Amino acid sequence: MISWEMIAGGAEFFHLDKELFAPLKRFYDVTDKDFLARCCEVTVDYPKDFPFQEAEKMFTEAELRRFLLLCIVAGHRKLASHYLDNGFPGEMLEDIRWDLRVWLDTLFRDYGEYGLSRRIFGWERECLAGEIKQFGRLQANDRHLFFPELSVWRLPGGKLKVKKAFESTNPLAPDLTWGDRVINIHVPAKGSLDRKACIKSLRKMDEFFCEFHPDYDYKAVVCYSWLLDEQFKQLLKPQSNIVGFQQLGHVLPLEETEQTAEVRWRIWGEKFADTPAEKLPVTNSMERSVAGFFARGGRFHEGLLIIFRDELPQLFAELD
């Protein structure tokens with residue numbers, strides 16, 4: 001049986017807001033404990049399929065969000081054991097313990113209560129399993145294969161040549177291609193995207209992989225994100241942290257992946273998903289620029305950041 005004491009201990013482990021989490025006790029009291037125990041077991045057994053269809057028959061959408069949160073919080077011992085058993089640095093565990101709180105604060109803004117959407121539940125399962133790790137400001141997949149069907153060559157002057165992978169007319173020996181080992185980074189929605197903080201994270205990542213995965217001969221650090229749409233260079237000031245983040249490496253547009261809805265959600269949340277652009281609330285220059293961009297019919301797309309492994313030392317030198 002999954003006791004409330006175990007769940008409450010998990011809430012403390014993840015630094016959750018006690019006042020916001022406490023009302024879930026009433027939901028826990030009326031929840032089928034056998035089903036909860038089964039789902040908690042599946043949750044930590046990543047990537048085993050979670051019984052969403054069965055859960056949907058038992059809960060409303062709001063109840064399901066609360067139920068998914070209980071399942072994640074109850075799995076805190078799995079996360080702690082993963083780091084302890086592998087001898088990973090304690091500061092890394094402390095970093096990733098805050099990830100759930102960051103998402104809950106975001107979702108509280110959207111729904112007015114503590115709970116996890118399906119999308120974030122899947123992400124938090126990866127965190128519990130150790131598939132997502134945090135190194136200061138940035139996060140990274142434990143291991144990741146470059147998945148765009150592209151081949152990339154570096155040219156003199158820092159430019160890139162990009163072609164579809166495995167074409168018979170492609171030049172030999174691309175610097176990066178589909179299926180290569182990479183470190184895939186993520187940007188948590190907490191804290192400033194300060195350049196030096198990001199470089200410190202990259203150095204921690206490189207040191208971690210060298211120590212714990214010495215056989216992981218990765219080709220590059222990559223990031224797929226709405227933050228990497230190069231239109232931000234026209235919308236934001238040159239000293240913007242988003243622009244600075246893009247300048248850590250090479251940025252390629254992934255125009256087939258639209259991120260307009262993602263950008264709107266990240267900045268304003270679900271509450272303003274359908275609000276006309278001219279009525280979006282603006283409290284800073286970024287929001288003003290993006291709202292104006294939307295009002296002009298602008299759309300955002302995903303971008304790809306590539307930092308080749310042999311380019312990292314030059315970034316690390318900025319910290320000396």
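The buried residues of helix H14 pack against helix H9 (99-111), helix H10 (118-128), strand E9 (250-258) and helix H15 (285-295). The structure described here is a predicted model. Helix H14 spans residues 260-268 and is mostly covered, with seven of its nine residues buried. Those buried positions are Thr260, Glu262, Val263, Arg264, Trp265, Ile267 and Trp268. Just after H14, Gly269 takes a positive phi of about 85°.

In helix H1, the buried residues include Trp4, Met6 and Ile7, together with Gly10, Ala11 and Phe13. The cover over the buried residues of H1 includes helix H2 (18-21), helix H3 (24-29) and helix H8 (90-97), as well as H4, H6 and H7. Just after H1, His15 takes a positive phi, here of about 60°.

Two packed helices are described by the angle between their axes and the distance between the axes. The table sets out these values for two helix pairs.

| Helix pair | Residues | Angle between axes | Distance between axes |
|---|---|---|---|
| H1 and H7 | 4-13 and 76-86 | about 55° | 9 Å |
| H4 and H6 | 33-44 and 61-73 | about 60° | 9 Å |

On the H1 side the contact involves Met6, Gly9, Gly10 and Phe13, which meet His76, Arg77, Leu79 and Ala80 of H7. By class, this contact of H1 with H7 has four nonpolar, three polar and one charged residues.

For the other pair, the angle of about 60° makes H4 oblique to H6, and H4 passes H6 in a right-handed crossing. Phe35, Leu36, Cys39, Cys40 and Thr43 of H4 make this contact with Phe67, Leu70, Cys71 and Ile72 of H6. The residues of the contact of H4 with H6 divide into eight nonpolar, one polar and no charged.

### Strand pairing

Strands of a sheet pair through backbone hydrogen bonds, either parallel or antiparallel. Strands E5, E4 and E6 form an open sheet in the order E5-E4-E6, with antiparallel pairing. The edge strands are E5 (160-164) and E6 (176-177), each of which pairs on one side only. Strand E4 (residues 150-154) is joined to E5 by five bridges, and the two strands run antiparallel. Within this pairing, Leu150 has Lys164 in E5 as its bridge partner.

Strand E1 (residues 132-135) is joined to E2 by four bridges, again with the strands running antiparallel, and the bridge partner of Lys133 in E2 is Ala140. The hairpin of E1 and E2 has two residues between the strands, and in this hairpin Gly136 takes a positive phi near 75°.

Strand E2 (residues 138-141) points Leu138 and Ala140 one way and Gln139 and Asn141 the other way, and all of these residues are buried. Two bridges also join E2 to strand E7 (residues 181-186), with the strands antiparallel, and here the bridge partner of Gln139 is His186 in E7.

Tyr216 lies in the loop between helix H11 (195-212) and strand E8 (220-225). Leaving aside neighbours within four places in sequence, Tyr216 is in contact with Arg143, His144, Arg181, Val182, Ile183, Phe209 and Arg309. Tyr216 and Phe147 are 69 residues apart in sequence, and their C-alpha atoms are 17 Å apart in space.

Gln246, in turn, is placed in helix H13 (residues 241-246). With a relative accessibility of 1%, Gln246 counts as buried. Which residues are in contact with Gln246, leaving aside its neighbours within four places in sequence? The contacts of Gln246 beyond those neighbours are with Leu227, Leu228, Asp229, Glu230, Phe232, Lys233, Val251 and Leu305.

Methods: Residues are numbered from 1 along each chain as its sequence is written. This is a predicted model: local features need pLDDT of at least 70, side-chain atom pairs count only at pLDDT 80 or more; totals for chains, interfaces and linings use all residues. Side-chain values use heavy atoms; hydrogens and water are left out. Two strands pair if DSSP finds at least two bridges between them. Buried means under 20% relative accessible area, exposed over 50%, partly exposed in between (1.4 Å probe, protein chains only). Axes are lines fitted to C-alpha atoms, for helices over the stretch in contact, and angles run from 0 to 180 degrees between N-to-C directions. Contact means heavy atoms within 4.5 Å. Ala, Val, Leu, Ile, Met, Phe, Trp, Tyr, Cys and Pro count as nonpolar, Asp, Glu, Lys and Arg as charged, and the others, Gly among them, as polar. Angles under 35 degrees count as roughly parallel, over 145 as roughly antiparallel, 65 to 115 as roughly perpendicular and the rest as oblique. A crossing is left-handed if the near helix is turned anticlockwise from the far one by less than a right angle, and right-handed if clockwise.
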